[in-house]
There are 2 protein chains.
Amino acid sequence: MGEIVFVGLGLHDEKGISLRGLEEVRTADSVFIELYTSLLPDFSTTRLEKDGKIVLEAAKKGKAVFLVPGDPLIATTHVALRIEAEKHGLKTRIIHGASILSAAIGLSGLHSYKFGKSVTIPFKETPSETPNRVVAQNKKLGLHTLCLLDVRAEEDRYMSINEALETLLATERKKKDQRITKKILAVGIARAGSPNPAVKADSIEKLCIYDFGKPPHTLIFPGTLHFMEAEALISLAKAPKNIEKMVK
Amino acid sequence: MGEIVFVGLGLHDEKGISLRGLEEVRTADSVFIELYTSLLPDFSTTRLEKDGKIVLEAAKKGKAVFLVPGDPLIATTHVALRIEAEKHGLKTRIIHGASILSAAIGLSGLHSYKFGKSVTIPFKETPSETPNRVVAQNKKLGLHTLCLLDVRAEEDRYMSINEALETLLATERKKKDQRITKKILAVGIARAGSPNPAVKADSIEKLCIYDFGKPPHTLIFPGTLHFMEAEALISLAKAPKNIEKMVK
């Protein structure tokens, strides 16, 4: 009986894989690559379910390696495949890779233990109040919020920071308790893990017209700032000097 | 003028580095390795400050690569070094690596966006109510808590899951609003990223006497469980079948 090894591709391109991951690929009986979920931890498609069956069948005959962007078991759909494999009596292993979840924190210079619940901002065709509510709740507790932006890799469609901010502001206008205003601080991060990431901290208003370049994009809404975090944002994310006044 | 490239070593051993990271090492003028912070994002030592100066000096003469366990800019002390380097007019870049922050989530099968603030549990010589407060606050919001366990790498001392749970229970006994009881569910994770990780979900009482083997260890306190999360814990972390009753 065989096994499935979930191997994380890390960030950006084929060089994000670890040496351990590469070793698994080289000794595999079959190798599959999954490119739909990209950066979205809660993404799920029927397409992937179909692919999952193919991987399961291959694993019954030997060692199947399943290559997944980022850290491989963050998407719920891969967890489901792993459970399914175990039910079939297959062994499963994970070779971890760099994830946007920690990469974005590292690039921002903010303290990791001050991040609260994270959230995905959906495209405006499927509006949701959840992101606004999560940011507000974290802010109330003084915590930072990591926002992943919607992706439809099959349509080659990636939400930009500008789009995400406008969606959030539009939703906020309909709310009574408005916490997300044009004046508050946000941190935009583009192309984490690539040779040319962009990291810029400023008011939402300013970030709305800032050109972050190519996707993928990520957003952070800081809560209260430790002085070292303020210093990091000024030094590493070109934040305005009056940054502490912008966080409410 | 030179640069510092912070390269993540990922998890477990030398095979956790990415191909991109290895390329940076091969083209470096000088290479440094940092092994003190290990898994602790908020660790800081005067020792590292001294080492930081050596890296800075080397970077003035060319490309210095600084190898750091996990994802390299999670520890605040590395962020401080990065800011210092930029002040000296040096360029800095990050090559990300797998981090315990996402690896533990992936191994547990829990949903990443349901994690609240994370926390470090300190050794009992330096007791703190913070971990108990963070777990309680997250639970109130239905969120999971990732707990990193204290490390003193220089003394080769790593906190075990058993020790962490006993510390938490001891602190809880002094509190009025007791949320962490022997009956609640926790998930212990040992050796994430190694070929033989251990993942076990059960009541605190049971985990206190479970043998997780060698370090490093990590703990998760689940909040409310989606049925898929409950299924994942039963299938992947050998949780008892009555798991949903254990989460309060």
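Which residue of E3(B) does Ile4(B) stand opposite? In this predicted model, in which local features need pLDDT of at least 70, side-chain atom pairs count only at pLDDT 80 or more, and totals for chains, interfaces and linings use all residues, side-chain values use heavy atoms, with hydrogens and water left out. Residues are numbered from 1 along each chain as its sequence is written, while chains are lettered from A and ligands numbered from 1 in the order in which they are written.

The residue opposite Ile4(B) is Ala64(B) in E3(B). Strand E1 (residues 3–8) of chain B runs parallel to strand E3 (residues 63–68) of chain B, and six bridges join them; strands (E, at least two residues) are DSSP runs, numbered from the N terminus, and two of them pair if DSSP finds at least two bridges between them. In chain B, four strands form an open sheet in the order E2-E3-E1-E4, with parallel pairing. Strand E2 (30–33) and strand E4 (91–95) of chain B each have a single partner strand, so one side of each is left without a neighbour in the sheet.

Chain B can be laid on chain A with an RMSD of 0.0 Å by a turn of 180° and a shift of 0.0 Å along the axis, the superposition being by least squares on the C-alpha atoms of residues with pLDDT of at least 70 in both. The two copies are thus related as by a two-fold rotation axis. Of the interface residues of chain B, 100% are also interface residues in chain A, so the copies meet through the same surface, where contact means heavy atoms within 4.5 Å.
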